[in-house]
Number of protein chains: 2
Amino acid sequence: MAGKIGAAEIGAKKMALKKIVERQTGVALWRQIADRIRLSISNGDYDATGMVPPEMTLAREFGVNRHTVRSALAALAEEGLVRALQGRGTMIERKDRVSYPISRRTRFSQGLGRQVKEIATRLLGHAEVPASGEIAAALAVSPGSLLIELRTVSSGDGRPLSTSVSYYPADRFPRMVEEYSRLGSVTKAFAAQGLDDYVRVSTELVARHADADELSLLKLSPGAIVMEAQSVNADLDGKPVEFSRTRFAADRMKLRIET
Amino acid sequence: MAGKIGAAEIGAKKMALKKIVERQTGVALWRQIADRIRLSISNGDYDATGMVPPEMTLAREFGVNRHTVRSALAALAEEGLVRALQGRGTMIERKDRVSYPISRRTRFSQGLGRQVKEIATRLLGHAEVPASGEIAAALAVSPGSLLIELRTVSSGDGRPLSTSVSYYPADRFPRMVEEYSRLGSVTKAFAAQGLDDYVRVSTELVARHADADELSLLKLSPGAIVMEAQSVNADLDGKPVEFSRTRFAADRMKLRIET
DNA sequence: TATAGTTGTCTAGATCAATAGACATTTTGG
DNA sequence: CCAAAATGTCTATTGATCTAGACAACTATA
């Protein structure tokens, strides 16, 4: 099984163009197809024409009925990604996923840069909660000590991109809520409380289907995927200052890891 | 909408315990529930007992019929994650996702460390292909110049974790296939061709539903999610030496980004 | 102005997903 | 030993998904 395939490979590669989807999976065919077309759009596969291939062509490629492809395209139209024009074809309206950089100095609003004109972060709510085991460990505080919890959702040009739950040690950052509300930025709220700089020390990523809560917060077409990042930021002495759990709308974002 | 919710928050948090799932989404309820239980298991939510809650309890929490929960548990049993024992309950067989570190010096086999006893990478095939636009740009070679393509699938303790397609400039690494087949490692194959060290310069991540190809390569229960990482490695002069596209089985892996 | 190619709409039937209820089987604990 | 609690199995019904085919409406082009 090692590397003596060579010539036979060419054939195998052509097969791969058949864009197969699987049945009886718990994920409807129209949704799998919508996912794949979305990916093709964002990969620029259709840039030559600016159009999605005709429904009959897609149906043949995916090996499904034309109506199934129509369901997929309807979902993408609902997202505003494509627009169908009777008699002409289906036009691509929007192409790129927003690329979000994760680095040692990750700051939410900065990285998005020129990709979106307007970034809005809305504070959904806050609370003062005792540290649970996992979070206490991540923040290096004793379990049960008080934390400030902030819940936010962020949008780019009106489209929700991510939603976060963040925790801060209440003793060190007692005015977190007020400062964040006033300044609209975690970085500035930290600065207002005497912390000038901080760095990302760890990020863990998983991907899964969105639950109903995330669907509504991120205005996702249901059944969508979220990428969940658990991250810890620390001050320059290595003392953790923030634990947060951010869920990104997977079909609107790609994460770029910078090293 | 800014931070004057406070007390009302506590109620909202309790509501969140209701583990809601959405209907008519193109993703079957049993699959959404399977995803959520899998996440709960890997988060350690059931560590106290080592058991998944009873079917009736889960059905109540998710607001669905017991049979729907049974479908979800059947899928998890199929994955080998849980085992049902009549009269007793449903036992957790395996807990953790494998954590895969992505850093400036990412090396596949090293990072997995003690998490898996045995790592096996199988060469699926190879080919010599002209560089397409995107890949040529990433590798900083002229479009159409020859690349060596390697396709592999990697498993930990017999469970497929990821599948990769990688490209190397054919002029610089003409013996890539032979050396890789002989040594079983990209790092060693590079060394055998005079490249002693290399670093990760970029990684881009997206998440989506797996296609049939990935389902069969990764032996995924259909409808599963993959995380796709496009990465570029370069030598210490910054000259790109490898472009690769790795798809991770999202329900078996978490990615840890180290900065 | 035909004609081919495209999306839009409708109907009918087959299969999958989910609910509902009843009862069997097995284990645990009083 | 008995009762409670858990999983296993079966039947029946409803709604969502997918297929199949036919035709209408619209667009571009020869």
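**Figure 1. Strand 7 of chain B is joined to strand 10 of chain B.** Six bridges connect strand 7 to strand 10 (residues 240–249) of chain B, and the two strands run antiparallel. Strands pair if DSSP finds at least two bridges between them; strands (E, at least two residues) and helices (H or I, at least four residues) are DSSP runs numbered from the N terminus. Opposite Thr163(B) stands Arg247(B) of strand 10 of chain B. The model shown is predicted: local features need pLDDT of at least 70, side-chain atom pairs count only at pLDDT 80 or more, and totals for chains, interfaces and linings use all residues. Residues are numbered from 1 along each chain as its sequence is written, chains are lettered from A and ligands numbered from 1 in the order in which they are written, and side-chain values use heavy atoms, with hydrogens and water left out.

**Figure 2. Strands 6 and 7 of chain B form a hairpin.** Strand 6 (residues 146–156) of chain B runs antiparallel to strand 7 of chain B, with 10 bridges between them. Gly156(B) has Arg159(B) in strand 7 as its bridge partner. Two residues lie between the strands of this hairpin, where Asp157(B) takes a positive phi near 50 degrees. Strand 7 (residues 159–169) of chain B is mostly covered, with 11 of its 11 residues buried (under 20% relative accessible area; exposed is over 50% and partly exposed in between; 1.4 Å probe, protein chains only).

**Figure 3. An aromatic cluster in chain A contains Tyr168(A), Phe173(A), Phe190(A) and Tyr198(A).** The whole structure holds 10 aromatic pairs over all chains. Tyr168(A) and Phe190(A) form one edge-to-face pair, with 5.7 Å centre to centre and 75 degrees between the planes. This pair links distant parts of the chain, from strand 7 (residues 159–169) to helix 8 (residues 186–192) of chain A, 22 residues apart. Phe190(A) also forms an edge-to-face pair with Tyr198(A), at 5.1 Å and 65 degrees. Rings of Phe, Tyr and Trp (its six-membered ring) pair if their centres lie within 6.5 Å; planes under 30 degrees apart count as stacked, over 60 as edge-to-face and the rest as tilted. Relative accessible area is 1% for the buried Tyr168(A) and 0% for the buried Phe190(A), while Tyr198(A) counts as buried at 5%.

**Figure 4. Chain B is superposed on chain A by a rotation of 180 degrees.** The shift along the axis is 0.0 Å and the RMSD is 0.1 Å, and the two copies are thus related as by a two-fold rotation axis. The superposition is by least squares on the C-alpha atoms of residues with pLDDT of at least 70 in both copies. Val27(B) comes closest to the axis of the residues of chain B, at 2.2 Å (C-alpha).
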